Amino acid sequence: MSEEHGHHGTPAPLVFSVAVALMFLGLIMATAGGEDKEGDTGYWFVFILGIAGMITGFMMWMQDYWDQDSEEGVEIVGYHPFWASITTRKFGMWIFLLTEVMVFSTLLSAYLRYRAALPDYGAIGVDCGLQFEACWVPAADIIRSHLIFGVINTFALLLSSLTVVLALYAARNNNSKAATRYLIATFFLGTLFLILKAYEWWEMKNGHFWGDHCSVTAGQDIGHHCVAPKYEHGFWLDTSLEGTTFYITTGIHGAHVFVGLLALGYLIAKANKEGYNEKYHDTIELFGLYWHYVDVVWVFVFPFFYLY
Amino acid sequence: MNNKSLKILSVGFLISILVALSAFPTGDALSSGITGSTTSTVEANGCSCHGPEVTTSVSIELTLPENFTAGGTYTLTLNISGGPNDGVRGENYGGFFVTATHGILEPLENDTSVQKPFDKTHLTHTTEGNDYRGWNFSWTAPDRDDVIVTFTAYGNSVNGDGGASNADRWNSGSFDLMGVNAVAISDKHVELTTPQKMIYAFTILAVTLGVVVIGNRMVTNEQAFEEVLRDAWKAIYPWLTTTDHKYIGLLYISTGFIFLFIAGFLALLLRVQLFEADNDFMTDQEYNSTFTMHGTTMIFMAAMPIIFGFANYLVPLQIGARDLAFPRLNALSYWLLPTGGLLIYAGYFTGGAGDVGWTGYAPYSSGDTATKPGTDFWVAGQIMLGASSTLTAINFLTTILRMRAPGVTFMKMPLYTWSMFITVFLLLLSIPVFTVALILLMADRTFGTLYFDISAGGDAVLWQHLFWYFGHPEVYILILPAFGILSEVTSTFSRRPIFGYTSMVYAMASIGIISFVVYGHHMFTSGADPFFRFAVMLTTMLVGVPTGIKIFNWLATMTGGSIVTKTPMLFALGTILTFTIGGITGVILAMLPLDIALHDTYFVIGHLHYVAVGGVLFAFLAGVYYWYPKMIGKMLSEKLGLLHFTLSFISFNVAFYPMHHVGLAGMPRRYASYDSSLTELNQLISIGAFVFGIAQIILVYNLIYSFKYGEEAGDNPWDGWSLEWATSSPPPHNSFKEIPTLKLAEEAE
Amino acid sequence: MKDEQDTENEHHGDHSFPGWLHAGESPIQGFMKVFAWLVFFTIVEVMAILQEFSFEVTMVILFGIAAVKVWFIGSFFMHMIWDPPLVNRTAAVPVFFLIVLFLAVGLTSPGAVDDLRTICGF
């Protein structure tokens with residue numbers, strides 16, 4: 001029917017959509033289904049099936065791009081110079097980034113709302129209550145003793161932004177091997193970021209970050225950065241609003257890093273197969289825009305969740 | 001990398017996921033009882049943190065009465081014996097967790113050894129209570145005495161070291177208690193809920209139909225069963241895999257209309273319930289899920305798909321582009337719709353669909369009392385639909401900005417394309433906010449986060465802000481395309497270009513921008529900041545101005561032209577009338593002091609249906625009659641169109657106008673009953689609604705009949721001037737062999 | 001295809017880093033310098049927090065440094081300083097909408113209003 005067209009039909013969108021629905025079906029039934037509505041663990045299999053389907057759909061989609069020429073060879077002519085000054089895909093990627101701006105603005109607005117509603121502990125003349133429940137005890141205080149991980153993560157992301165740019169310029173200068181190596185370096189830095197984050201989360205969840213517990217009855221000054229009573233049993237996303245906002249915001253950012261790594265995996269596979277060079281390198285630029293945006297978000301998340 | 005490596009990679013993925021899932025959390029002993037997120041672990045796996053279950057050494061006894069009467073209160077005792085340190089009481093001696101399938105468990109008064117954690121229904125020990133191995137508590141029986149209540153208890157005998165380890169011993173016990181009128185389990189039969197019955201009935205019907213059709217084919221064409229199926233697959237497969245905007249457009253429109261009828265059916269169920277002041281056609285919970293699914297389906301699964309369907313079909317034709325910028329992404333946008341929609345409806349199979357209203361207000365929607373897992377499906381499906389809309393927005397913006405043919409400058413684009421351009425711009429910036437809100441809601445429900453948990457300091461008004469930040473631009477997303485269609489239809493059927501094209505463009509653009517700063521008018525009674533509410537009243541009044549300009553421009557177009565009264569024009573005229581009424585009631589509701597009285601009454605329902613049905617639906621019906629000839633190549637019957645319009649218009653007003661009166665009299669929305677003095681008006685509304693529903697059958701018949709027997713349409717049956725009329729009906733596969741150049745009317749031959 | 005070639009040529013020709021950043025022939029060294037600045041500002045941020053200044057000073061420093069880092073990443077790594085104006089204008093689009101979001105969602109809770117009043121002095 002539409003074979004004469006530039007674009008062939010493909011079952012990938014249908015497969016992917018069905019897989020996403022299966023994934024959600026499994027997740028929801030596994031956590032809220034069953035007789036008692038508290039979870040029917042048999043459904044985790046459906047969840048995994050959904051994830052597998054999503055991976056399959058993604059790979060089916062990529063099949064069409066596997067040939068370098070079909071990926072970058074076709075460009076739609078634009079007849080209005082101002083709007084055609086960048087390629088269609090680059091324009092599309094920028095517009096996509098606008099939606100991501102709204103995503104993180106929403107998360108940060110919610111955080112601002114909750115944080116501004118309570119005085120920070122340590123403010124003069126504020127009674128925080130025995131469990132510090134009337135004050136905002138920020139995640140930053142829990143992290144302070146182990147701040148080095150957050151700093152390493154910041155460096156890792158900044159460096160990974162650099163390596164992506166270097167990969168792009170290496171490709172432009174026809175140095176395919178260097179381009180591939182820089183892409184792999186980016187992948188390792190991104191993975192390092194996620195591993196350190198997982199470690200941080202584990203430590204915080206189990207309350208291992210601070211040695212001393214604040215003993216308010218004994219008059220210990222919480223300015224000495226001890227663990228507030230409300231975090232005695234660990235700092236997790238269901239402990240308090242500080243935890244919820246911290247884990248969800250950094251978690252969604254981490255999820256974006258993870259998806260970026262999946263895309264990067266595809267790029268590295270392509271780089272291994274044919275190599276990016278001065279003729280074909282637009283994909284690196286497109287990926288780079290997304291990756292730099294993820295870095296930009298971290299530039300805001302880091303000071304306002306880890307430092308302050 | 002070749003195919004083989006890809007396969008290996010995907011297997012590797014799967015294995016790593018499986019490994020990750022098998023990682024089990026270990027924990028410290030919970031001396032202060034089972035609360036928060038540990039609850040679900042214990043309910044699923046018992047006191048698993050304390051070691052593997054051992055059945056012999058620990059025994060659990062729950063003393064129960066012989067049976068229970070409805071509503072009675074009983075004191076129950078749970079005792080555990082056996083395990084380490086038996087008989088040697090001390091700190092950290094024992095723990096328990098008990099839950100009941102019916103009724104309410106409560107600690108006894110002044111008993112500090114038992115607690116019922118906040119927002120939970122089970123009982124567990126406190127820090128004090130872990131010094132015992134026996135506990136008393138109270139249980140209140142449910143209102144029915146014909147059920148069998150099952151108590152599940154976990155008893156933990158610990159070795160006193162304060163940690164959770166294999167040295168502790170625990171066991172579980174299940175105890176049944178029969179009500180005085182209960183029947184033993186083997187005598188009960190499984191009762192299907194009404195929605196389940198309907199869905200099974202339709203499935204059986206569809207399968208029977210399939211068998212009949214396949215059988216008929218086999219006989220008529222003398223084909224084997226496999227051949228019939230293969231032919232069917234060959235016909236269907238291109239539809240499943242298409243990336244062509246015209247076919248995707250048709251898929252969207254048909255899916256949208258199917259959901260439109262489902263949602264309309266749900267509305268009729270509501271009107272049956274409201275036929276009497278205190279009807280028992282549906283339970284309250286069923287009523288709640290019915291209006292929830294009606295609203296969500298109408299907006300997200302009917303209106304928006306129909307909007308996207310027309311846009312997919314027409315926008316590339318109107319700007320002279322071959323297809324959208326990203327055709328495969330377009331296909332993904334479409335397929336997320338039926339799959340996401342089915343996910344939302346999955347609730348009906350699991351004990352009840354989402355019942356939180358299409359607005360899903362927290363903390364009801366984030367708590368335990370909203371229907372589970374129906375509400376979770378409602379949330380997840382909408383996340384999928386949100387992703388679909390975001391991709392559509394990106395696609396259309398790129399297309400309209402970058403792929404216009406030579407000569408198609410912005411101020412020469414048809415007004416329908418302009419309306420879609422502003423619509424997708426609004427979508428781009430508002431849908432992500434809603435999708436994030438849904439993700440936060442899902443996190444609260446599934447992972448125990450506290451975004452909307454009041455006791456933890458969460459703010460219910462946060463949900464309202466996030467929802468309406470999207471929700472208000474959303475209603476303009478619904479109406480702007482309708483405005484676009486109105487402009488096209490009124491100008492074609494007044495035989496003159498639209499009056500004030502430039503002001504139309506600026507009006508739509510300003511409606512778009514202002515729509516982001518008016519959303520507080522949905523929150524007038526929420527206790528939001530007074531200055532915020534006042535500011536928003538002013539901006540809401542402001543947004544009526546460009547809308548009014550548009551209405552005057554349509555009227556001026558008609559008075560300055562010569563009107564051709566065909567069905568599309570009839571619907572356009574009707575739309576302008578009903579939408580204006582809806583707009584006026586909108587300004588009434590914008591008045592903060594009035595809204596405080598009218599909020600959540602039927603006055604709002606009247607307003608919203610006048611703009612959504614009277615505005616959006618009628619305009620799209622005009623669009624159907626206008627563009628069906630282009631898409632299908634056949635003309636629709638004018639006689640049936642006139643009948644459809646007349647019946648629809650009259651019954652619509654009969655159904656929805658009285659809602660303003662009933663609302664002013666104080667009838668609240670979302671209630672399954674009302675004051676008996678309003679019975680006659682409500683019955684009138686219900687009758688009007690049923691006639692309106694039946695009237696749509698005329699349209700369906702017209703669409704199907706004309707597909708086979710309609711008059712040939714030709715390229716340009718209405719003598720329109722936009723580019724879609726320059727190609728054949730239907731357009732060829734490759735819409736434009738060469739990209740055309742738009743010239744001024746004076747330059748064309 | 002021709003359009004794409006033209007856009008490419010624009011890129012290749014004009015990698016002029018600002019004077020104070022200019023580092024020899026290759027743009028690679030320019031990017032390294034950008035990275036060095038980013039690292040420097042991160043260190044400043046962390047040091048500033050460890051000093052525990054007052055709320056207002058801390059906010060100014062954190063926001064200021066975040067803005068500077070974003071400018072660096074956007075202009076150079078994301079290529080915006082060399083891209084056609086379409087890119088800059090596209091990126092500027094959400095600014096109004098996210099300001100509305102921050103003000104309406106972030107600052108209308110009761111506690112925030114009091115804080116705002118205190119900060120703004122009325």
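**View 1. Helix H7 of chain B, end to end.** In this predicted model, helix H7 (residues 327–345) of chain B has 19 residues that should span 27 Å at 1.5 Å a residue, and its end C-alpha atoms are 28 Å apart, which agrees. The expected span is 1.5 Å times one less than the number of residues. Helices here are DSSP runs of H or I with at least four residues, strands are E runs of at least two, and both are numbered from the N terminus. As for cover, 16 of the 19 residues of H7(B) are buried (20 or more other C-beta atoms within 10 Å of a residue's own, with C-beta atoms placed from the backbone).

**View 2. Strand E3 of chain B and its partners.** Strand E1 (residues 59–63) of chain B pairs antiparallel with strand E3 (residues 73–81) of chain B over 5 bridges; pairing takes at least two DSSP bridges. Look for B:Ser59 opposite B:Ser81 in E3(B). E3(B) also runs antiparallel to strand E8 (residues 134–140) of chain B, joined by 7 bridges. There, B:Thr77 sits opposite B:Asn136 in E8(B).

**View 3. The setting: chain B.** Chain B holds 17 helices and 10 strands, and its C-alpha trace spans about 105 × 70 × 50 Å along its principal axes. Of its 749 residues, 50% count as buried.

**Notes.** Residues are numbered from 1 along each chain as its sequence is written, and chains are lettered from A in the order in which they are written. Because the model is predicted, local features need pLDDT of at least 70 and side-chain atom pairs count only at pLDDT 80 or more, while totals for chains, interfaces and linings use all residues.

Technical notes: A residue is buried if 20 or more other C-beta atoms lie within 10 Å of its own, exposed if 12 or fewer, and partly exposed in between; C-beta atoms are placed from the backbone.
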